[in-house]
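Student: I'd like to go through this one with you, a bit at a time. Can we put it up and start with how far to trust it?

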Number of protein chains: 2
Amino acid sequence: MTGRHLVLLSGGLDSTVCAALASRAGEAPPLAVTFDYGQRHRLEVERAAAVAAHYGAEQLVVALDATAWGGSALTDPAIPVPDGGPGPGVPATYVPARNIIFLSVALGVAEARGLDGVYIGVNAIDYSGYPDCRPEFLDAFRRVAEVGQQRGVEGSPVEIRAPLVDLAKHEIVRLGVEMDAPLSLTWSCYQPTPGPLPCGVCDSCRLRVAGFEAAGVADPALATR
Amino acid sequence: MTGRHLVLLSGGLDSTVCAALASRAGEAPPLAVTFDYGQRHRLEVERAAAVAAHYGAEQLVVALDATAWGGSALTDPAIPVPDGGPGPGVPATYVPARNIIFLSVALGVAEARGLDGVYIGVNAIDYSGYPDCRPEFLDAFRRVAEVGQQRGVEGSPVEIRAPLVDLAKHEIVRLGVEMDAPLSLTWSCYQPTPGPLPCGVCDSCRLRVAGFEAAGVADPALATR
């Protein structure tokens, strides 16, 4: 049973908080859409399944092998994941067109299933500098939904909702705690199942650690392992 | 060996003429990107391979199972392909977000491979009324490339080229003939390998037949079978 929304669910912190918001917004659980794109940290697909199950949501796993073109530390094993902390510019973990592709498929699924909105947990405050996480990008994609889909040209475009876009990471953590989101199930680390614990030094780990610290909250994903 | 461009190659008439243009534009064959998305007329994937081979182009076949969400006569076997000729509105063969998804992946591949431009053979004159074939859609997607990719924010967005968008079908046929494009290899019919000949009555067949007739050219894909 699927509600009126879809949530792009990676199994990380932000998309899980987004799933909490989407669950509250609909009269039934949202449809969770997860991509198995050949990412180095494929563990997140399983974590997304656990989060979807927590909310009683159907999970659609979309397989798309982005390693066929690579171009990112997350899809090409020959490119190392930086571990020295954020630097200037777009980092090597940027996956070319990742959120463009994710939102494209989300628009297709939403239109085919008759859903009203797509939730995406992008955030442009405490983030890695990926261009496809910014409000300008979301606005450009909203225009695509308006003019590029039957739903759009008929006057009811699929709505793209990015409720976390202007929040700092510690605000996202607090929101997740307030909403009782299953943060213990989430996985943010870019490294492939390096053991029971995240690496702690990739950009994604660093942003997460700083966010929990600033929120004054212990990370339950660490506490349970 | 790949040139500086990528062409979205379905194996139909329009994308094959586009491949001819892309081949002429680059100093080496373009990269041909073909989608195996669960389409009813999967034969087109093989025809695309033949066209790519004709131009000495590498073909990247991207698998993405759109039957998992359906919503189209081309991706849901329960929805019949209309055979009564074009009617008003968007037809049942519209695939939700198809060109949005195709262009998204194309932007990712082009950025990962360092290509300058993406050729797409959409046409908004003699077409089926799909919203994602129109100039407004292309312009919206160009904005996505500008603000949603590293290449774009760094000032050299991947270029989206749609050289056929304003041509009538008979002009596309003539252009293909002039450029000696391998039109005999192309397949436009929406039906799944119904035999050696296309069905002749789906919208795609009707547009093709009318285009060849108006151009005063015999369809070589029929002549050779």
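Student: What is the mean pLDDT of chain A?

Tutor: This is a predicted model, and pLDDT is the predictor's confidence in each residue, from 0 to 100. In chain A, 97% of the residues reach 70 or more. Local features here need pLDDT of at least 70, side-chain atom pairs count only at pLDDT 80 or more, and totals for chains, interfaces and linings use all residues. Residues are numbered from 1 along each chain as its sequence is written, with chains lettered from A and ligands numbered from 1 in the order in which they are written. The mean pLDDT of chain A is 94.

Student: What pattern does chain A follow along the sequence?

Tutor: Helices (H or I, at least four residues) and strands (E, at least two) are DSSP runs, numbered from the N terminus. Chain A has 8 helices and 5 strands. Reading along the sequence, the pattern is β-α-β-α-β-α-β-α-α-β-α-α-α.

Student: What radius of gyration does chain A have?

Tutor: The radius is taken over C-alpha atoms, and the globule rule is 2.2 Å times the number of residues to the power 0.38. For 225 residues, a compact globule would come out near 17 Å, and chain A agrees with that. The C-alpha trace spans about 50 × 35 × 30 Å along its principal axes. The radius of gyration of chain A is 17 Å.

Student: How much of chain A counts as buried?

Tutor: A residue is buried if 20 or more other C-beta atoms lie within 10 Å of its own, exposed if 12 or fewer, and partly exposed in between, with C-beta atoms placed from the backbone. Of the 225 residues of chain A, the buried share is 54%.

Student: Where is A:Ala19 found, and which residues does A:Ala19 touch?

Tutor: A:Ala19 is found in helix α1 (residues 13-25) of chain A, and it is buried because 30 other C-beta atoms lie within 10 Å. A:Tyr119 is 100 residues away from A:Ala19 in sequence, yet 7.8 Å away in space, C-alpha to C-alpha. Two residues are in contact if their C-beta atoms, placed from the backbone, lie within 7 Å. Leaving out residues up to four places away in sequence, A:Ala19 touches A:Val7, A:Leu9, A:Pro30, A:Ala32, A:Val51 and A:Tyr55.

Student: A:Ala97 sits in the loop between β3 (59-63) and α3 (98-113) of chain A. What is its phi?

Tutor: Most residues other than glycine have a negative phi. A:Ala97 counts as buried, with 32 C-beta neighbours inside 10 Å. Its phi is positive, near 65°.

Student: Is B:Asp180 buried or exposed?

Tutor: B:Asp180 lies in the loop between α6 and α7 of chain B, and its phi is positive, near 60°. With 9 other C-beta atoms within 10 Å, B:Asp180 is exposed.

Student: What arc do the buried residues of α7(B) fall within?

Tutor: Those residues are B:Asp203, B:Ser204, B:Arg208, B:Gly211 and B:Phe212. The arc is that of the directions from the helix axis to the C-beta atoms. Seen down the axis, the buried residues of α7(B) line one face of the helix, because they fall within an arc of 160°.

Student: Which element gives the most to the side of chain B that touches chain A?

Tutor: The contact takes 35 residues from chain B and 35 residues from chain A. On chain B, the elements giving two or more residues are α3 (98-113), α4 (135-148) and α5 (150-153). The one that gives the most, with 10 residues, is α3(B).
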